[in-house]
Amino acid sequence: MQGIRTINRALSSALTLVGLVGAFVLMSVAPARAGENTFVEVTPNSAQAGSRVSIKASCDNDNNNRQSSVHSDAFGHVTLRPDNGFLTAQASIPRDKQAGDYAVDLRCQNGQTATTTLTVLNMASPSKGPATGGGGTAGGRGTGLLLVLGGVALVATAIALGMAGGRRRTGAGS
């Protein structure tokens, strides 16, 4: 009986200590400050030169009803407009833009800023399919025709030999 009381006291003390530590942690957390909701994102964040990207940003929740701007060496200056609680726009990357990582800088009217990175790819697109070898009909116009004629001749020869062999057997048995 004495052992159960000791365990209950120890458990009660431990729970009290956990509660005090939890209260201290909750009281020491600083309140959210203005500007923590400021961000900019580019979709897709890796894009081929010559393509369009979408930009979504926030200049802190209270300032998303005003236009702001984004600048990047990848596409220049773009004006962001309010759209369902965010700031949005689209930008075109020039076809001749060099491949690399480019900063995308958001400048809000309230002085807040945010930055993200856009990776521009400049891969050459193939002009025709891969060269995978000859194949039966890949060589030119005559090759396919020769194969068809050869197949017809082979079948005709097999039929003729089959008929000739069948006649000999019936003639030999009479």
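This is a predicted model: local features need pLDDT of at least 70, side-chain atom pairs count only at pLDDT 80 or more; totals for chains, interfaces and linings use all residues.
The disulfide of C59 and C108 is left-handed, with -85° about the S-S bond. The two sulfur atoms are 1.9 Å apart, where a disulfide is defined as a pair of cysteine sulfur atoms within 2.5 Å. By this rule the count comes to one disulfide. C59 lies in strand β3 and C108 in the loop between β7 (100-107) and β8 (113-121), so the link ties together parts that are 49 residues apart in sequence. Strands here are DSSP runs of E with at least two residues, and helices are runs of H or I with at least four, both numbered from the N terminus. Both C59 and C108 are buried; buried means under 20% relative accessible area, exposed means over 50%, and partly exposed lies in between, with a 1.4 Å probe and protein chains only.

Residues are numbered from 1 along each chain as its sequence is written, and side-chain values use heavy atoms, with hydrogens and water left out.

Let me turn to strand β6. Which residues form its covered face? They are L87, A89 and A91, whereas F86, T88, Q90 and S92 form the uncovered one. In general, side chains in a regular strand alternate between the two faces of the sheet. Strand β6 pairs with β3 in the antiparallel sense over six bridges, and two strands count as paired if DSSP finds at least two bridges between them. A89 in β6 is the bridge partner of I55. Strand β5 (residues 76-83) also pairs with β6 in the antiparallel sense, over three bridges, and P82 stands opposite L87. The hairpin of β5 and β6 has two residues between the strands, and N84 takes a positive phi near 55° there.

Next, the aromatic rings. A search of the whole structure finds one aromatic pair, the criterion for Phe, Tyr and Trp (its six-membered ring) being centres within 6.5 Å, with planes under 30 degrees apart stacked, over 60 edge-to-face and the rest tilted. The centres of F39 and F86 are 6.1 Å apart and their planes at 65°, so the pair is edge-to-face. F39 belongs to strand β1 (residues 38-43) and F86 to strand β6, 47 residues apart. F86 is partly exposed, at 28% relative accessibility.
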